[in-house]
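I opened the notebook to look up a pocket, a pair of strands and some backbone angles. Here are my entries.

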Amino acid sequence: MNIALIIAGGKGMRMHQEIPKQFLTVNEKPVIVYTMEAFQKHADVDAIAVVCIAGWENILSAYARQYGVTKLKHIIPGGENGQDSIRNGVLELEKHYSRDDLVLVHDAIRPMLSADIISDCIATATQYGSAIAVVPCQEAMLETTDQVSTCASYPRQNLKRTQTPQAFPIGVLADAHREALEKGITNSIASCTLMVELGRTVYFSHGSEKNIKLTTPEDIDIFRALLSLNGR
């Protein structure tokens, strides 16, 4: 089975809104609904779980009913940070599914993921045991130590920009989170960085420049433009 684990536990302070950014309404639909619908529509995704910020669980359930997200099976409490939230989600899924089933960890605020991104993530993780959606680094990269100047560059061909989904067998990711706690790793920013910090190799799947993360008000403008291009 393939289970989408959508991480919606953050407050999104950089959006400067009174409600969490994953629940903002864009073109009369909440952001998190766009994200859930992408997995709902994909034939190879069997279930959806959402790690939800406290106080919004009932609203999330209501949205799922309103928009026909029938694959939503689990709503899980968020944690203090992203690593905590992912761990909460994975350890809960471990109770319900096989250790060999795949979990696709995805940011709730990446609502433009395509079916092709999901398919390639599943295929890559099935073949190699992990899949991190990435895109090439197109910009010139400069190194800095003082944050205001530089005299060194870094070869961009050696860099990838990571996105989500990031997929692993449930048992592998659950064990990694337990090991991280034992080693004092408590604030790794993503599943891929957690694995790298533990000395594991991860494999790349295809991302997209359209698979944007809604972090600032400017990102919402880009999201609206992309929706308009798609006739949504």
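How do the residues of the lining of the second largest pocket divide into nonpolar, polar and charged? I found six nonpolar, two polar and four charged. Ala, Val, Leu, Ile, Met, Phe, Trp, Tyr, Cys and Pro count as nonpolar, Asp, Glu, Lys and Arg as charged, and the others, Gly among them, as polar.

I noted the ground rules. This is a predicted model, where local features need pLDDT of at least 70, side-chain atom pairs need 80 or more, and totals for chains, interfaces and linings use all residues. Residues are numbered from 1 along each chain as its sequence is written, and side-chain values use heavy atoms, without hydrogens and water.

Next, I listed the lining: it includes Y34, E37, K210 and R232. Helix α1 (residues 31-40) gives the most, three residues. Helices (H or I, at least four residues) and strands (E, at least two) are DSSP runs, numbered from the N terminus.

Then I turned to the strands. β4 (residues 47-52) and β5 (residues 72-77) run parallel, joined by five bridges; DSSP must find at least two bridges for strands to pair. A49 stands opposite H74 in β5.

Last, I checked the backbone. Most residues other than glycine have a negative phi, and most peptide bonds are trans. N27 has a positive phi of about 55 degrees and lies in the loop between β2 (25-26) and β3 (29-30). Q147 also has a positive phi, near 70 degrees, in the loop between β8 (141-143) and β9 (152-154). A cis peptide bond joins T164 and P165, with omega about 15 degrees. I placed P165 in strand β10 (residues 160-169).

Conventions: 1 Å grid on protein atoms, 1.4 Å probe; cavity = no way out; pocket = protein on both sides within 12 Å on 5 of 7 lines; lining within 4 Å.
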